[in-house]
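Visitor: I am new to this structure and would like to learn how to read it. Please take the features one at a time.

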Amino acid sequence: MSVAEDERWMRRALERAEEAAAAGEVPVGAVVVRDGEVIGEGANGPIAAADPTAHAEIRALRSAAAREGNYRLPGTTLYVTLEPCPMCAGAIVHARVARLVFGAADPKTGACGGALDLIHDPSHNHRVAVTGGVLAAEAAELLRSFFRRRRAERRAAREGSAGQ
């Protein structure tokens, strides 16, 4: 894939992340692409779904698997705005995704070279090519602004309840 293609699909993942933010979810979005076509996509949704597994990556993989009628997704690229966590890294490997492209690194819980590197663990019988840092600044800013707003809202709520 070319840099331009990676950026094109990451922009679509960023749109899904913005949808998550608008719904009050942590802004992470994901898109599964095969042969230049989107076959699945997802926005973060664990709060609304009351489902700890409703990460953007899992939702995108589920969407693609349902469309393909197969839990394995060979020949696909998963674009996600934030480096996947351990749960999502495992799902990516088990789905047999060929390539992972992520935006912002996650040094605290990222499992694709950040805090851990589970995706490249030699015990796996499937290898995933990983490219990080695609539109990283945009993805990181979306996260920072979301958490900045959330902190401001909590501060305002505390100050409002303290004045009563």
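The dialogue below goes through the core, a hairpin, the cysteines, a pocket and some backbone angles.

Guide: This is a predicted model, in which local features need pLDDT of at least 70 and side-chain atom pairs count only at pLDDT 80 or more, while totals for chains, interfaces and linings use all residues. Residues are numbered from 1 along each chain as its sequence is written, and side-chain values use heavy atoms, with hydrogens and water left out.

Visitor: Which residues touch the most other members of the largest nonpolar core?

Guide: A nonpolar core is a set of buried Ala, Val, Leu, Ile, Met, Phe, Trp, Tyr and Cys residues joined through side-chain atoms within 4.5 Å. Buried means under 20% relative accessible area, exposed over 50%, and partly exposed in between, with a 1.4 Å probe and protein chains only. Here the largest core has 40 residues, and Met10, Val32, Leu61, Leu78, Ile92, Leu100 and Ile119 touch the most other members. Elements that each supply at least two residues include helix H1 (3–22), strand S1 (29–34), strand S2 (37–43) and helix H5 (136–162). Helices (H or I, at least four residues) and strands (E, at least two) are DSSP runs, numbered from the N terminus. H1 gives the largest share of this core, five residues.

Visitor: What is Ile119 in contact with, leaving aside its neighbours within four places in sequence?

Guide: Contact means heavy atoms within 4.5 Å. With those neighbours left aside, the contacts of Ile119 include Ala89, Ile92, Leu100, Cys112 and Val130. Thr77, in strand S3, can be read likewise: beyond four places in sequence, its contacts are Val31, Val32, Val33, Val97, Arg99 and Val101. Thr77 counts as buried, because its relative accessibility is 8%.

Visitor: How many bridges join S1 to S2?

Guide: Two strands pair if DSSP finds at least two bridges between them. S1 and S2 run antiparallel and are joined by six bridges. Val32 is opposite Gly40 in S2. The two strands form a hairpin with two residues between them, and Asp35 in the turn has a positive phi of about 50°. Five of the seven residues of S2 are buried.

Visitor: How many disulfides does the structure hold?

Guide: A disulfide is a covalent bond between the sulfur atoms of two cysteines. The cut-off used is a pair of cysteine sulfur atoms within 2.5 Å. The structure holds zero disulfides. For Cys88, the nearest cysteine sulfur is that of Cys85, 3.7 Å away. Cys88 has a relative accessible area of 0%, so this residue is buried. For Cys112, the nearest cysteine sulfur is again that of Cys85, 8.7 Å away.

Visitor: Which residues lie nearest the centre of the largest pocket?

Guide: On a 1 Å grid over the protein atoms alone, a pocket is an open set of points where a 1.4 Å probe fits, with protein on both sides within 12 Å along at least five of seven lines; lining residues have an atom within 4 Å of a point. The largest pocket has 19 lining residues, with Val26, Leu82, Asp106, Thr109 and Leu143 nearest its centre. H5 provides the largest share of the lining, three residues.

Visitor: Is Ala50, with its positive phi, buried or exposed?

Guide: Most residues other than glycine have a negative phi. Ala50 has a positive phi of about 50° and is exposed, with a relative accessible area of 68%. Leu135 also has a positive phi, of about 55°, but counts as buried at 9% relative accessibility.
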